[in-house]
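Q: I have a structure open and would like to go through it slowly with you. Could we start with the metal sites and then move on to other things?

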Amino acid sequence: MSILIKNGRIVTATDDYVADIYIENETVAQIGKNLNVSADEVIDATGKLVFPGGIDPHVHLEMPFMGSFSSDNYETGTLAAMHGGTTTVIDFVIQSRGESLRKALDEWHGRAKNNCYGDYAFHIAVTDFNENTKAEIKEMVENEGITSFKTFMAYKNSLMIDDKQMVGLMEEVKKYDGIVTTHATNGEVIDYLVAKNLKAGNTSPLYHYLSQPEITESEATGRFVDMAHQTGVNSYVVHMTSADAVDKVRMTARRNQKVFAETCVQYLVLDASVYEKGIESAKWVMSPPIREKKDQTALWTAVNQGVIQTVATDHCPFMWDEKLRGKDDFSKIPNGAPGIEHRLDLMYSEGVAKHKITLNKFVDLTSTSSAKIFGMFPQKGTIAVGSDADIVIFDTEKKHTISAQTHHHHCDYSAYEGHELTGKCETVIIRGKVSIQNDKVLINKGYGKYIKRNKAPRIV
Ligand code: URP
Ligand code: ZN
Ligand code: ZN
């Protein structure tokens, strides 16, 4: 099978030029002006952007969490992602306390295998670091293609590890040149504030937001980067939301420490006014919560300064009836929101079209840096000869409006209902196969494959 994409404006994290791309089987075979080749399928991309398939480094599909499962499974979630130009996702395997990493990994592979439209990889979340877990780290890195280890500094009852476990994990992961990532918020302080608010009768979703003030994020971020500095491990802070926390990452440059950081599209485009809508605010109950406009500004700045390298979604949807479990107690609202489909179009419309980021930065944030940091580059994250032919053809003029009526998430509300966007994916190609063309699905579930990731030189 071969495809010739003609005359597109090819944009990577570093380049921007008009040329043809010839795809043979799963990879890019040639790039050049007026390529003289015949192909099974020719796509005219004149006037369109052609960029690498998106990589979402932070999603939770069919995740067991807060008493239920996130509502998108591997089939619906990777298809929604594909509609929005995200061809690879990195999901989180989560160790159960008292159990092995291996057991969790087998369970997650069982759910994902043969069900994905797009390619997928796994981080593994360590929730119980002990001698047995320690002995499994090498195997994960060297044989399972899992080079990133997620930690939670909050959710004390289920996921959080303490600082002693954190430094132990960091020392072990460093031995194998992996990377430790974290959900950086101070779980103890949050739990204290949650209990205090509930005791005072403050039960609405607004108090989810007020129980996780910015200091809970900046304190934990500072503690995490300090422990990473002490141990010398590669480190990455997930879903950063606030100015002061970002400053904790920025400051590490003073001591020549490199810390990678991620934000999510919702933190760049929404603000805390979403918590002023009574019970409807449960739609945006996620951790950390959405912050103030000044934090949005700080995040766009950090993205442009290279302090933050990736933009994810932390896609973790729950149906509205699940959210309503917390109608009389915000702490029972399952944390998370849908978004996997709209990362690229929101980043284009809110970022590129509004001149907040360049096109090269857009590609870097949505694809290239994740591939580099998490060991998939140059197989993924760019358009180059030999790379996987994961390609988006994007119509910058097409206007559309986000709605739960039309989105592909398995979720009965949208976190972005009514948002009007400029620019939309027209054609999506994954490993040499057209998967989406003008909203039509042209591949079957099961096409997506598990990507074993490498230890990578993390120069971003
Ligand atoms: O609210 C969120 N973010 N839910 C998913 C779990 C996490 O903390 O990333
Ligand atoms: Zn988190
Ligand atoms: Zn998450």
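Q: Which protein atoms are the donors of the zinc ion (ligand 3)?
A: In this predicted model, the zinc ion (ligand 3) has His58 (NE2), His60 (NE2) and Asp314 (OD) as its protein donors, and they lie 1.9 to 2.2 Å from it.

Q: And how are those donor residues spaced in sequence?
A: The spacing for the zinc ion (ligand 3) is H-x1-H-x253-D.

Q: Okay, is that site tetrahedral or irregular?
A: The site of the zinc ion (ligand 3) is tetrahedral, and the angles among its four donor atoms run from 86 to 133°.

Q: What coordinates the zinc ion (ligand 2)?
A: From the protein, His183 (ND1) and His239 (NE2) coordinate the zinc ion (ligand 2), at 2.0 Å.

Q: Why is the arrangement there irregular?
A: Around the zinc ion (ligand 2), the four donor atoms subtend angles of 57 to 151°, and the arrangement is irregular because of those angles; to count as tetrahedral, all angles would have to lie between 85 and 135 degrees.

Q: How far apart are the two ions, the zinc ion (ligand 2) and the zinc ion (ligand 3)?
A: The distance between the zinc ion (ligand 2) and the zinc ion (ligand 3) is 3.8 Å.

Q: New topic: where does ligand 1 sit?
A: Ligand 1 sits in the largest cavity, and the residues around it include His58, His60, His183, His239 and Asp314, along with others such as Phe65, Tyr155 and Ser287.

Q: How does that shell divide into nonpolar, polar and charged residues?
A: The shell around ligand 1 has four nonpolar residues, seven polar ones and one charged one.

Q: Which polar atoms lie by the oxygen atoms of ligand 1?
A: For Tyr155, an N or O atom of the side chain is 2.7 Å from an oxygen atom of ligand 1, while a polar side-chain atom of His60 lies 3.2 Å from an oxygen atom of the ligand. Ser287 contributes a polar backbone atom, 2.8 Å from an oxygen atom of ligand 1.

Q: And how much of ligand 1 does the protein bury?
A: Ligand 1 taken alone exposes 260 Å², and the protein buries 100% of that.

Notes. Residues numbered from 1 in each chain as written. Chains lettered and ligands numbered in written order. Predicted model: local features only at pLDDT ≥ 70, side-chain atom pairs only at ≥ 80, totals over all residues. Heavy atoms only, no water. Near = heavy atom within 4 Å. Polar contact = N/O pair within 3.5 Å; in protein donor to acceptor, adjacent residues only side chain to side chain. Areas by Shrake-Rupley, 256 points an atom, 1.4 Å probe, with all protein chains shown as cover. 1 Å grid on protein atoms, 1.4 Å probe; cavity = no way out; pocket = protein on both sides within 12 Å on 5 of 7 lines; lining within 4 Å. Sits in = over half its atoms within 2 Å of the grid points. Nonpolar A, V, L, I, M, F, W, Y, C, P; charged D, E, K, R; others polar. Donors = N, O, S within 2.8 Å, 3.2 Å for Na, K, Ca; no water. Tetrahedral: all angles 85-135°; square planar, octahedral: opposite > 155°, others 65-115°.
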